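I opened my notebook to look up charged side chains and their partners. Here is the structure I worked from.

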Amino acid sequence: MERVAFLVEGTGERITCMLNPEHIVQRRIAGLAPRRGGAGIVAGSAWSDSPLQHTGGGRTEIELQLLFDVNLLPPPVVPAPPSPVPAQEVVAGEATGPGSAASAAPAPPPPRRDVRDHTRPLWQLAENSVDGGRGVPQVRMVLGKEWNVLAVVEALAERFEQFDTNGTPRRSWLSMRLVRVPDPNPPAPETPASVGIPDAAAAEAAAAVPVAIHTVIGGGPATAGGTAAGGETLPEIAARYFGGRCALWRWIADVNLLDEVIWPEAGRGLIIPPAPEDLPTGGAR
């Protein structure tokens, strides 16, 4: 299964999921409406199709099917419950063998295995949690090196399976519909690379002889009435080091072993390799 990541714009939180099945449904609705006159919608018995008026805008939807299974995912990070007896209160030399008070302490409960602990962050994306409860958070969907879409979550549906004796579900099939929103930091337009992207062996060799280490600049705080900046993207960094050739961001991603990130985390030191044409050997694919 392919892994898809969601980056919450306001907080920088990262949510990683698995696509199931491996497809995405993308739907576009143009900005059209029935043409109206003074008496209402313009229509006529002689017309098979009602005349339309272009209103601008439109709507782009992305539908995903996601799978969560506690047997396939690492346990979520949850705070440990407070200990009833602080460790410093244990008297030195006190018996701790079988039959002692210490050994009679109850065993810690087994780790929680509820799949809802994994899907809850996605549900929060559809709650009115920003702008004083008047809006939903914006989230950036990142898949591989080709998908980077800013959107909001419009709808969620979840089907549970594999319940334990307490009724706790361990597997979830989650459907989610995203609606694209205007992106204040759209991906930089790509210019065709004049050379091919070298292969994996060349990337490994280039990582050993970097020409620079670039510290990624992260998103700044939200401006008044606006959203937080998203920080630098790989195409922007590639354009800076390779003479405007944004398409060579894939070369930087290969050298740094970034499989699904076009928006690297702030503060990361990225290896900037030599330009492909400057490598001592070829290997363009």
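Where does R245 lie? I found R245 in the loop between α3 (234-241) and α4 (249-255). For these labels, helices (H or I, at least four residues) and strands (E, at least two) are DSSP runs, numbered from the N terminus.

A note on the source: this is a predicted model, where local features need pLDDT of at least 70 and side-chain atom pairs count only at pLDDT 80 or more, while totals for chains, interfaces and linings use all residues. Residues are numbered from 1 along each chain as its sequence is written, and side-chain values use heavy atoms, with hydrogens and water left out.

**Entry: R245.** I looked up its accessibility and got a relative accessible area of 14%, so R245 is buried. My cut-offs are under 20% relative accessible area for buried, over 50% for exposed, and partly exposed in between (1.4 Å probe, protein chains only). The R245 side chain reaches the backbone oxygen of F242 at 3.0 Å.

**Entry: salt bridges.** How many salt bridges does a search of the whole structure find? I got twelve. The term covers a side-chain nitrogen of Lys or Arg within 4 Å of a carboxyl oxygen of Asp or Glu.

**Entry: E154 and R59.** I saw these two side chains meet in a salt bridge, at 2.5 Å from N to O. E154 sits in strand β8 (residues 147-163) and R59 in strand β6 (residues 52-69), so the pair ties together parts that are 95 residues apart in sequence. Both ends are partly exposed: I noted 37% relative accessible area for E154 and 27% for R59.

**Entry: D117 and R120.** The closest N and O atoms of this salt bridge are 3.1 Å apart. I placed both residues in helix α1 (residues 116-124), three residues apart, which is about one turn of the helix. D117 is buried at 13%, whereas R120 is partly exposed at 39%.

**Entry: R140 and D183.** Here I found a salt bridge with the closest N and O atoms 2.9 Å apart. R140 belongs to strand β7 (residues 139-143) and D183 to the loop between β9 (169-180) and α2 (200-207), so the pair ties together parts that are 43 residues apart in sequence. R140 is buried, with 0% relative accessibility, while D183 is partly exposed at 22%.

**Entry: network.** Which residues do salt bridges with shared partners join into one network? I listed R27, R59, E61, E63, E154 and R177.

Note on methods. Polar contact = N/O pair within 3.5 Å; in protein donor to acceptor, adjacent residues only side chain to side chain.
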